[in-house]
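Thank you for letting me take a few minutes today.

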Amino acid sequence: MKVVGFVGSPRKKGNTTALVNEVLRGASESGAQTKVFNINELSIRGCQACYKCQTPEGKCVQADGMAGLYDEIFSADAVVIGTPVFMFQVTGQMKIFIDRLFALLYLEDGQPGAFRNKIKGKRAVTVYAQAQPDTGLFASSFDLNEGVLGFLGFKIQDRIVAGGMLGPDSAQGSPSVMEKAYSAGAALLK
Ligand SMILES: Cc1cc2nc3c(=O)[nH]c(=O)nc-3n(C[C@H](O)[C@H](O)[C@H](O)COP(=O)(O)O)c2cc1C
């Protein structure tokens, strides 16, 4: 079993990284192989809307930091997608990554709107870190993000929202949210 994490924070040692790593630790201690990628480090360009990926075998034609990530997703049994909240939403880095996951879809017979999935029901845990203590504040934004991930073929198993995360070490000082992250990882492949 393989679980791959993607972190959409520019802080390499911030809260999102700590929480995603904790989900992965839970998965690892339940027997999974794990890996994590920091999207911010990978120089990933926005989707160029060429639609070349939109056939059953179609791949993204851009040769950048995203290129290796498609096979990581195809070969994973589950993924962990973590992002800080920036301006009520996922970070720009995470939005670009998700736009590039357009290549997980194809248009049946090239028909407009006839999207089909290249992955189906791949398990996913989402992780959000935010400064605001009220973890319900951005729920509509998280619902939208997970609607997109569902459309792309992921099955969301769990959502971790860490509130009150201002400094980069806040998550490390919040045992309850770290425990939730660990449990989500431990349950991910059961
Ligand atoms: C540009 C920017 C925008 C932010 N917008 C929000 C926001 O809308 N709501 C919120 O609660 N926190 C906001 N924050 C705070 C971060 O979400 C918070 O510090 C988070 O823990 C950062 O995660 P990280 O340590 O993984 O980078 C923002 C931070 C930055 C730098």
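This is a predicted model: local features need pLDDT of at least 70, side-chain atom pairs count only at pLDDT 80 or more; totals for chains, interfaces and linings use all residues.

By class, the shell around the ligand holds ten nonpolar, six polar and one charged residues, where Ala, Val, Leu, Ile, Met, Phe, Trp, Tyr, Cys and Pro count as nonpolar, Asp, Glu, Lys and Arg as charged, and the others, Gly among them, as polar. Residues are numbered from 1 along each chain as its sequence is written.

Of the 17 residues around the ligand, the ones that come nearest are Gly14, Thr16, Pro84, Gln130 and Met165, and a residue counts as near if its C-beta atom, placed from the backbone, lies within 6 Å of the molecule. Helices (H or I, at least four residues) and strands (E, at least two) are DSSP runs, numbered from the N terminus.

H1 also packs against helix H5 (residues 175–187), at an angle of about 40° and with the axes 6 Å apart; axes here are lines fitted to C-alpha atoms, for helices over the stretch in contact, and angles run from 0 to 180 degrees between N-to-C directions. H1 is therefore oblique to H5, since angles under 35 degrees count as roughly parallel, over 145 as roughly antiparallel, 65 to 115 as roughly perpendicular and the rest as oblique. By class, the contact of H1 with H5 has nine nonpolar, three polar and three charged residues.

Finally, the protein as a whole has five helices and eight strands, and from the N terminus its elements run β-α-β-α-β-β-α-β-β-β-α-β-α. Its C-alpha atoms fill a box of roughly 50 × 35 × 30 Å, taken along the principal axes.
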